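User: I am new to this structure. Please give me a close look at one part of it.

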Amino acid sequence: MAAGVGRRLAACLLNISEARSKEVVERVARAAVYEKQGGRCEGITVLNIFSDHDYNRSVITIVATIDQIGGAIVSACVQACELIDMRRHSGAHPCLGAVDLVPIYPLGECVGLEECGQEARAVAVSLTERVPGTSVFHFGFADTPQQCSLVQRRKELGWFQKNPDLRAMQSDVGAMPGKRYGLTGVGASPYVMNCNVTISTSAVGVGRQVAEALRGSSPGGVPGLQVMALPHEGAVEIACNVESLLRPPEGQEGWPSYWIQGRPYCYPPASLITARVAELAMQHRVGTLGTALVGFTPEECRRLAEHALAQGVGEYWREQRKVHM
């Protein structure tokens, strides 16, 4: 890997609405790192694929320099749109699109949030031009000038409703949302991890109470957490989006941290999230069954990407397994 490349890295945790066909998911992942003629694209790697059968959702971790990542993302999205038809989709996880979420995160010190936002907007335009009928909404640093968060935009669109009405939704780029491709969120923000803790009950109502108390917006909740409770493999999963914060909460100065253009960002560790879920679940006489980290921490993501790119490995995910803690 050329000197300084690590300082220009960015990541995309691409969320697609398919997990039950391994062939489809891997074809989408390979599209990010291979040209149509079959040659490998230098400087791009797919670090991880996390697929969940019940949710029928996969998260594909793509890393490249900020100058290359847009093309890799668009190629993967085009392949996903060719292979995934939302008219036939079913799964326990809320979703709107065949390509449901395209978040771009800075990994290297020389990549800023505004630059990631610009790249996200370019991805949205390219996708809707290459796949007529696709629709995109922006969030975070791609949503100018408001910079509304993903949660805010999802609330506006009705993403959290049981049966969201695509016909009532307005896209920011592309066509009006339709049933074939649905609606895709494209944006940029500081790194967001996914940390899911399973509790030993099938009562979703109990899970919702745990999720409500855990959210960063709730009194006594964990700062930086956005949380849902979802039925999962006969139990309930407390699914957490772990956002990066510019400053650690009071008393939490030891939280893991990384840098974006000279500014430190931090996030609550998985161990803290697991312990807090266990504490809240115990109030309902319920235990925990395990924790799954979807992908990597930002530090792990950069370290593994630098290693994979230095070794010229595009399909690094083949060396990875689902991480349990």
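Is tryptophan 159 buried or exposed?

Analyst: Tryptophan 159 is buried, at 2% relative accessibility. Buried means under 20% relative accessible area, exposed over 50% and partly exposed in between, with a 1.4 Å probe and protein chains only.

Some ground rules come next. The model is predicted, so local features need pLDDT of at least 70 and side-chain atom pairs count only at pLDDT 80 or more, while totals for chains, interfaces and linings use all residues. Residues are numbered from 1 along each chain as its sequence is written, and side-chain values use heavy atoms, without hydrogens and water.

Back to tryptophan 159. The charged end of arginine 154 sits over its ring, 3.7 Å from the centre. That term requires NZ of Lys or CZ of Arg within 6 Å of the ring centre and within 35 degrees of the ring normal.

Now the ring pairs. Rings of Phe, Tyr and Trp (its six-membered ring) pair if their centres lie within 6.5 Å; planes under 30 degrees apart are stacked, over 60 edge-to-face, and the rest tilted. The count by this rule is four aromatic pairs. One of them joins phenylalanine 137 and phenylalanine 139. This pair is tilted, at 6.5 Å centre to centre and 50° between the planes. Phenylalanine 137 is buried at 2% relative accessibility. Phenylalanine 139 is buried too, at 4%. Tryptophan 159 pairs with phenylalanine 160. Here the geometry is edge-to-face: 5.0 Å between centres, 85° between planes. Phenylalanine 160 is partly exposed, with a relative accessible area of 39%.

What about the buried interior? A nonpolar core is a set of buried Ala, Val, Leu, Ile, Met, Phe, Trp, Tyr and Cys residues joined through side-chain atoms within 4.5 Å. The largest one has 100 residues, and Leu14 and Ile238 touch the most other members. Helix H2 (residues 69-83) gives this core its largest share, nine residues. Helices (H or I, at least four residues) and strands (E, at least two) are DSSP runs, numbered from the N terminus. A second, separate core has 14 residues, including Leu101, Leu150, Leu157 and Leu230.

Buried residues of H3 include Leu113, Cys116, Ala120, Val123 and Leu127.
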